[in-house]
Structures are given as C-alpha cells and as structure tokens.
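Me: I have a structure to go through. Can we take it in short questions and answers?

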Amino acid sequence: MTQRSAWRFWAWPSELRDQGILGINRRNGRFILPMNQRKFYPRVDEKHLTKKICHDAGIPVPDTYALIEKNGDVRRFLEIIGDRTDFVIKPAAGSAGRGIMVIARHNGQEFFTSSGQRYTFAELTYHMSAILSGLYSLSGQPDLAIIEQRIVCHETFARICQGGTPDIRVVLYRGVPAMAMVRLPTQASRGKANLHQGAAGAGIDLVGGCTFGGVCQDRAIAIHPDTGHPIAGVQVPFWNDLLQASMRLADNLELGYIGVDFVVDATLGPVVLEANARPGLNIQVANRHGLGPRLKHINAQPPERFLRECRHELIAEVARI
Amino acid sequence: MNARSSTTWVIALLLLLGAASIALRIKYKPEPLTHPGESVWKLTYFASFHARKAGAELQMAYPETTRHSTVLESPTTPPELDVVPYRPIRAASRKDLTLRTKKAGQVDCRVEFKLHLSRRADWRPDSVDKPLTARDQSKYLDKGRGIEVGHPSVAETVNRLRDGNPKPQELVERLFEHCLRSIIPGGDAASNDGTEALVRGTGSTLGRARAFTALCRACKVPARLVTGFEIKLGNTFRPHTWVEVFIDGRWQSYDLENGFARELDYNFVPVRRDGVELIRAVNPLDTVDVAATDLVTRYTIEKLPAPPVATDPGTEGLLQIFDLRRLPVKLHEPIKVILILPLGALFTAFVRTIVGIRTFGTFTPTLLALAFVFNDLKSGICVFVVVLITGFISRTLLDRLKLLLVPRLGIVLTLVVMLMVLGVAVINHFHWNPHKGETVLLPMVILTNLVERFFVTSEEDNLSEAGRLMGTTMAMAFVIYLLLNFKNLGTLMFDFPELHFFTVIVLILMGRYTGYRVSELIRFRDLVQRDPPPQE
C-alpha cells in the first residue's frame, strides 16, 4: 500500500488509482452513461414508480396510504389518514432526504414528528402544497406527495443512533451487489442519513452482513459520535433477504448501475425506501476500499455467471477483492 | 462504431473544418467595409499667401476624431511645402499640421483630408473629458479677443438671468436662450465683437458666439469657442464657430446658429478649439519677421463615391454571410462578447469536471459575468451586493409567511427589481456612474434564483456552506468577467469565429475525461495509507 506523509493533505492520482478508487468522472462516463438508459430514470427519480415496481416484484416497501396529486386532495388529507396514528409525507421526486416529514403521533389538530417537533394542521397542508409546487423536486417541476407507512427502525440500529432513520445502501453493478454500507444519522447531520451532511457510515461485509470500519465527516471513527455505541461489528438483521431484494429490484429497474436504499423495519424486515441512478461515491470512504477493481471483476464475467442462482458465488468473489 | 472511435472521427472532422475555414479566411481576407448611413468626404484647405522669404510657416488645424467622424488617411500635402515636425509654440495643438515654404514669393497650396462620417459608429466610445487644469480654468474664464467678461452690459445681463440662483446647467441654458432671442443674426456685415453684439442686439455668427462665451465666463462657467465644419453638401462651405461650455466635468456644445444645445449633430466636426482661424501664419521660433503675409483661405467639401455597403444583399454572394464585419457596427461589441461566451463555458466545464469546484447553478457565473461586462463594474458590484443581502434578508422574513414556491419566487423577483431600480436611482443621484450614462441592469431572474438557492442551501446545509458556494460562484464569475473583457480575444473570435471548432474539440476531450477531479485527490486522501509514526 502506498504511503502518505502526515503533512500532505492530498493524494496523487496514481495513489488513488492503485487503491482502485472510482472518481466521479469515471463513474459518470464509464458506468452511469453506458449502463443506465435515460428512459428508465423516472423509475428511480419518481418514488411512486419505484414503489410500484417493488410491489409488482414482491419486494417489501412501506405501504402507500395515498398519493396526493393536486392541491384539491390536500383538503381531504384527514379523511385519507383515517385513524392511522403515524405516517410519512414525502415528495415523489425529492432528493437527499429533502421534504420528508415523519409524523409519529397526532390528534387531528396537532402533529408531532418522531423528534417531538409540533406542526399544526395548516403547516402540514402547506408542506404538502409546497411539495406539489415542486419545492423539493430535482428540477423544480411540479411533484406528487406520497403519504406512506412510517417505518419503525429495527432495534439493532435504533440502539446505535438517536433521531433520524439509519439506512443501508447497496450499490449494484449489472445486478450484482458490489458494495454496501450503513448510514447512521447524527446530530450534525440533523437526522439525515447523508454522509456529506455529517452522517456516520460504516462498510458492510457483503457475505455475512456484518459492519466494519466507520467514518464520519471524512474521518475514521469507531463509535457513533452521539451515542458512543460501537459502529463496527454490528450484524445487519435479515442480510440475505436484503441482498436478494436489492438484486430483484435491480433486475426489474433495468438499470445497470444503481444504489438501493433500505431501512430495516422492526416487524417488516428490510424495506426499500428508494433507488438511485447516480449513487454517491462516499460508499468507498465508508468501506475504506475502492469500487474500481470490484466493478472490473464483475464486468469480466461471462453472461452465465449473472444468473440469479449463480450470483452468490460472484458476490463472495467480489467481497474478497 | 463505439463511442471512442466516433469521438476520434468527430475530433478529426472538427480539426479539419476549423483549419480549412481559418485558412480560407486568411487567404480571401475581404476589403474594409462601410455601413449604411456612413459617408466618406474629401475636405480641402486652400491657402494662398506671400512668403517674404524661404521659411515662412503656416499652421493648419486638423479635423478631430469625434464619436462620429474620423480622418481616414494622413492628409495629402503640397509638394512645394515642407512638413515641420511638432514644436510647442503658441497655441499649436499637437495635431496641427505645420508647413514651411521652401522659397520666397507667392504660394498657392492645398491640403486634402479624407473624412469618414457615420451617424451610428462610435470611434471614441470611452472618451472622457479631462478635468480642467488651473491654467485652463483661468484661460477659459478670462477675457479674450472680442470676449469682454468685465463689461457692464455683460454683468447686467448676467445679474438679471442669475435670478433665483440656478445651477450651472440651468444658468447656461438661460444664457443660451437669451442669446438666441435677443441677439439677432446680422450676417457677415454685423459685428464680430461679443459685447457689441450684446449691446446692439445683433451680431455675426462669431459675434453671437463670443457674446454667449462672455456671459458664460462672467458666470464662472468655463467656455471656449470651437471652430470646425458642418459636413454637408451645399453652395457655400466655410468654417463655422460654436461654443463649448464645461459643466459637471464635461464639455457641452452650444450652437447659436442652428440652435443645438448640449450636443451637436453627428456631422459637426470640430477642428480648432479656443480659436477661430483654422489656417494661421506663424513665426518660426528663431525669427520674428519671417512670415507669410496676405493670407487668403478657402475650404471645399466633396462627397466621395460611397464604398461598398456592408449590408447590401446579394452583392457579393452567399459566402459574405460569414463575414461578421458586415453586420451593423452597433452589433460588433455585443457579438464579440457573445463569441467569448463559449470560452466561459469551456472554463466552467474545466472547473467543474477537472477541478471539481461546485457553484450555484452551472452557468450562473457565466451569466453574471456577462451582465457585468455590459455594466459599469464598480456600480454593478455595489448593486449586486446590496440586492443579494437585502434579498436574502427579505427571503428569510418571507419564509415565515409559508408561501408556495412560484408566488414566493415572484415576490423575490419583484423585490430584486425594486432594489435594482432604487440602486440605479441612487447611483444616478450621487453621480457614481458618470462615464457610462447607462443604467446597471443585472439579470434579475439569475439574481432571484441566486437569492433563493443561497437561502435554501443555508437552511438545508448551513450558512457557511452557502457562503462557500457563493464565494466560488463569485470567483468564477470574476475570472469569466476578465475573460469576456479581454478585447483582443473578442476581436480575434470576431474575425475568426470558426476558432470555436477547437473549443468544441476541447469540450469533447473534457467530456471524455474519466480521470480524477482535483477535489477528489483531497476528498479520498484518507483512503491512501499514511506513513506510520516515526519510530524512536
């Protein structure tokens, strides 16, 4: 392995190449552009389409209570909710966790999020109208608001971090999981599970589903900054189900290079939150490992090795790289 | 054919196209062109005089290059006279042409100038009047030939018109109107003296101009006579005298004969300032008596056949489409700037895909820079900063109203527009933007989006991230601004727009670049092992 002296705050391109680090230009030019057809992008950019595909393929997703398409529907909101005590409002085309509101309890007048913040009914309907007007959508286009089942985080992760929902990201190349990580919200990330916003991350061993390493704000860590709970050595529950679901989704989306985000629900097990056609490269930092050689190895395989039943061997090979 | 080989072919094709079109353009470089509304004139000075002996000198004032007129070539001088290099004598301007006789006796000579006149062109776009020196100041306030500043009738008129203590501009206009109304043109027979014209209520062109000058000077407003030509066809062609008045750092022209105030028509070409004679007999430095006598002068003007006109359709074939110089002059400057714009895009692509610096919006820096090119930079930045800060504060307050996206953006846009108009009014009031009379109109939609994005980023990430992005946006806008302001580059692109074939080539190469971004060398640095701590 190459050495870097303490004062040097950069790495040479050759050093990154030796480590097999995938850069953003290479990701875009060599993997996303050739592997992901533009026409299939709406399948991941619009969450209600992703959910429909998951539903049809038997992949667990949070129940959709309602799809709010026009401002008129906003008024019927209380009707739609019925006697449900908790739910999530999210924009269909949102990105980076923007515009998601998790309501944990309510009395029809006041609504409380999981972190205890209070919203009035008027504020809630305003939020939905804002989603419809495209405030949180990728390109500012008018959007839909999804009202769905609230996922209760599995206790394995609930113990590690307070506030926010930890999620598991699997990056798949040609339908084969190439790398996975768990993302743990912190106070610094304000409950968001994005590494660049300050969340903590850790790599996941593809074969066993056990976490290792740990990173926060681009620095290596061993314990969660808020709770002090160790991040490494955590066994992800239902890991095999999760991997299977990710592969099935990748096949159904027909996108060659995707990231799938899961949340492990206390009762449902792993459910798909969303898929991403341009998954970030921070997963390499969380795994302290480059994606390059793994993608290269997958690319070098003959077609018969991509059959669903053979992929496990391939995953094991990839995990060893 | 895969993407790689197609790229190679496209690049080869573009290289060929670019090289071929540049080669063709260099080979068939077309003639200089004029434009509709432009004309070329031949102005001739005739002078006949008696030289007592060899070495008598004659000084001729040279037509000035103004915004709308320019001297095309150096003048043709008579062979029987020598051209004397410039010497600082008497009231000689550096541009004056001094001729010296080779022998004694009667001399008849002529000097020809070729003038290019255009209503639309601007040959001195950035011309600024120099501030008056103390010497000029006293000269243009003091009495002169036919200009008796201290005469009682001048003082009396001034006292009457100065009623209400008006500002210089208004005062000068009152004086001008007074001279127009109460000094009747008396033809050549009337007096050339300013005071006489004022007292009698009639005067020659010169007498009236002198009277107006005396009145201005008596009001402590610097004024001077200007003699030149009104370039037009007609039976009589002779020098014409008008007055220039120095107000608020600018010389303004007033012509009593034609009634022009503040600015003259485009076809008035000044030749001599602070004087009346365009051709003068002067004494050389070393002697006092060797001079030309019995000087008689005459001037003629002749309109030359119009050169090929730029936008005559179909005169020289379709290929002329590619000659951008044929476009109206007014369009040249904007087109030059627009032609540099792709280089701004090139720079943007470089910064984003090779360096990896993020900004607000992909082309926002480029569009901002473009806006600053067409405005005065200093006042532009002032307005920009004020609009941004006030916009941000209002946007923060607006957030409490919980308004939907489009109406809210509409409000921010309205605020931006109002702030900008206010900014323009403030700048105008305090004369911070004296040289360019134009207003500061920044792209309002871009500013609106900038305010919105700045606010959203500061809310979703934090203020320092938003500030950082604003910093990179501004820094990039500044670099692109420098690029766009690079006049030689603009002229080059204007003459050879096909150079952009090469811009496309570079962009293609960048688009195929799959190496690391500079920012990634830092971002992923921890994935490269550090040195173990030194062992003792």
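Predicted model: local features only at pLDDT ≥ 70, side-chain atom pairs only at ≥ 80, totals over all residues.

Me: Into which domains is chain A divided, and how many Å separate their centres?
Reply: Chain A has domain 1, made of 13-43 + 154-320, and domain 2, made of 63-148. Taken over C-alpha atoms, the separation of the two centres is 28 Å.

Me: How far apart do the centres of domain 1 and domain 2 of chain B lie?
Reply: In chain B, domain 1 covers 134-273 and domain 2 covers 331-495. Their C-alpha centres are apart by 47 Å.

Me: What share of the contacts in chain B between residues at least 6 apart in sequence joins residues at least 24 apart?
Reply: Chain B is built with 15 helices and 14 strands. Of its 536 residues, 45% are buried. For contacts between residues at least 6 apart in sequence, the share that joins residues at least 24 apart is 73%.

Me: What area is buried between chain A and chain B?
Reply: The size of an interface is often given as the accessible area lost when the parts come together. Here 41 residues of chain A are in contact with 28 residues of chain B. Carbon and sulfur atoms give 52% of the buried area. The total is about 3,400 Å².

Me: How many charged residues has the side of chain A that touches chain B?
Reply: Sort that side by class. It has 16 nonpolar and 15 polar residues. The charged residues number 10.

Me: Which strands does the salt bridge between A:K90 and A:E148 tie together?
Reply: Over all chains the structure holds 43 salt bridges. In one of them the side chains of A:K90 and A:E148 meet, at 3.1 Å from N to O. A:K90 is buried because its relative accessibility is 5%, under the 20% cut-off, and A:E148 is buried at 2%. The two are 58 residues apart in sequence, so the pair ties together strands β2 (87-91) and β6 (145-148) of chain A.

Me: Which helix holds both B:R174 and B:E170?
Reply: B:R174 and B:E170 form a salt bridge, with 3.2 Å between the closest N and O atoms. B:R174 is partly exposed at 26%, and B:E170 is partly exposed at 42%. They sit four residues apart, about one turn of the helix, in α4 (168-182) of chain B.

Me: Where does B:R208 lie, and is B:R208 buried or exposed?
Reply: B:R208 lies in helix α6 (205-218) of chain B. Beyond four places in sequence, B:R208 touches residues including B:C179, B:L180, B:I183 and B:E257. Its relative accessibility is 3%, so B:R208 counts as buried.

Me: What is the phi of B:D294?
Reply: Most residues other than glycine have a negative phi. B:D294 is not a glycine, yet its phi is positive. B:D294 is found in strand β14 (292-303) of chain B and is exposed at 61%. Its phi is about 55°.

Me: Which residues does B:D495 touch, not counting those up to four places away in sequence?
Reply: B:D495 lies in helix α13 (487-495) of chain B and is partly exposed at 24%. B:D495 and B:L324 are 171 residues apart in sequence and 7.3 Å apart in space, C-alpha to C-alpha. The residues touched by B:D495 are B:R25 and B:R325.

Conventions. Residues numbered from 1 in each chain as written. Chains lettered and ligands numbered in written order. Heavy atoms only, no water. Domains from an automatic or database assignment. Contact = heavy atoms within 4.5 Å. Buried area = accessible area lost by both parts, 1.4 Å probe. Nonpolar A, V, L, I, M, F, W, Y, C, P; charged D, E, K, R; others polar. Buried < 20%, exposed > 50% of the residue type's maximum accessible area, 1.4 Å probe, protein only. Salt bridge = Lys/Arg side-chain N within 4 Å of Asp/Glu carboxyl O.
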